[in-house]
Amino acid sequence: MSDEMDMDEGGTIKKFMFVNRKAPYGSIYALEALEVVLISAAFEQDVSMAFVDDGVYQLMKNINSEGTEIKNFSKTYRALEGYDIEKLYVEQESLEARGLTEDNLIVDVTVLPAAEMGKLMAEQDVVISH
Amino acid sequence: MKFAILVNEGPYQHQSSDTAFKFAQAAIAKGHEVSRVFFYHDGVNNATRLTVPPVDDRHVVNRWAELGEKHGVDLVVCIAAAQRRGLLDDNEAKRQGKDANNIHPAFRISGLGQLVEAGIQSDRLVTFGD
C-alpha cells in the first residue's frame, strides 16, 4: 500500500454500504469484495455490509472449503469487528428462503426484512454491490 | 455531476464494460465529469493491450483508452485483481520476474484505496457487473 492510502479527503465521511449477493465459493466476488471492505476501513468512513440472496451463505458457520483448494476466509468476517466494521445486515427473506436462521451465522448481525433493507440502502451515499 | 464508475466484468464475455462505456460517454456528452473508472474482479481484463478482436467488432480496450486520453478519465486497474489474472505493467513484470507486460499505457495499476477514494470524492459511484 502506498499512494492509494492518501487520507487527505478533507474529513468527508460518507455512508458506504457493501452489498454481498453471491455465495462465498463458486466465484471470486465474495473474496474480492471483502478486500474492498477491509481497505475502506482505513478511510474512516461510515461502513456497513448487507448480505442478500446467496450472499447470506458467506456468513455460514462450519464452512469447509478444503476440497475446493480455495482458502477458507470465514474468519475474515469475524475479524471485521477489529476494523470497526460492526454494522452487518442480513435480509430476512434471503435467510428464510434458504432454510437458515441467525443461529447458522458466524457473526452477530441485524436481520432486516427486504423493505427495511431497501430503506437503509436509500440512506447510503455509496453502495458497492458484488 | 461528478461520476466514478466501477467495472466488475471482463470485455466481450459480458456486457458490463460496454454498458459502462456507453454510460461514461453519455455522461460526458451531457457535460458531466467522469473522474475515474475502476476495474475490478474480471474487469481488469479490460486493460490488456494485447486484445485482438475481429475487425468488424468494437475494440473494447482501445475504446476505453481513447475515452480516457480524450477526456482525462483516470483508468485504474486493481493491482491485486490484475496480478492473480496475469495482467502486469512494465514495473510489475520486472518486479515479479516476468518476461512480458500487457497493460495498455492508458490505464494505470493501483490499489483498492482508489475505489474507496472515488466513492468519497465523486457525487455518484456507479457499478457495472453481475
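1. The contact between the two chains takes 21 residues from chain A and 16 residues from chain B. These totals come from a predicted model, and they use all residues.

2. On the side of chain B that touches chain A, the elements giving two or more residues are α3 (79-84), α5 (113-121) and β5 of chain B. Which of these gives the most? That element is α5(B), with 6 residues. By class, this side of chain B has 9 nonpolar and 7 polar residues, and no charged residues.

3. The β5 strand named in point 2 belongs to an open sheet of chain B. That sheet has 5 strands in the order β4-β3-β2-β1-β5, and the pairing is parallel. Its edge strands are β4 (107-110) and β5 (124-128) of chain B, each of which pairs on one side only. From one strand to the next, the twist averages 25 degrees.

4. Within the sheet of chain B, strand β1 (residues 2-7) runs parallel to β5(B) and is joined to β5(B) by 5 bridges.

5. Helix α1 (residues 16-29) of chain B lies across β1, β2 (33-39) and β5 of chain B. The direction of this helix is at about 170 degrees to β1(B).

6. Turning to chain A, an open sheet of 5 strands is found there, with parallel pairing and the order β4-β3-β2-β1-β5. Why is one side of β4 (110-112) and of β5 (126-129) of chain A left without a neighbour in the sheet? Both strands stand at the edges and each has a single partner strand, so one side of each has no neighbour in the sheet. The twist in this sheet averages 25 degrees from one strand to the next.

7. Inside the sheet of chain A, strand β1 (residues 15-20) and strand β2 (residues 46-51) pair in the parallel sense over 6 bridges.

8. Which strands of chain A does helix α1 (residues 29-40) lie across? The helix lies across β1, β2 and β5 of chain A, and runs at about 165 degrees to β1(A).

Note on methods:
Residues numbered from 1 in each chain as written. Chains lettered and ligands numbered in written order. Predicted model: local features only at pLDDT ≥ 70, side-chain atom pairs only at ≥ 80, totals over all residues. Pairing = 2+ DSSP bridges. Helix = DSSP H or I, 4+ residues; strand = E, 2+ residues; numbered from the N terminus. Axes fitted to C-alpha atoms, helices over the stretch in contact; angles between N-to-C directions. Contact = placed C-beta atoms within 7 Å. Nonpolar A, V, L, I, M, F, W, Y, C, P; charged D, E, K, R; others polar.
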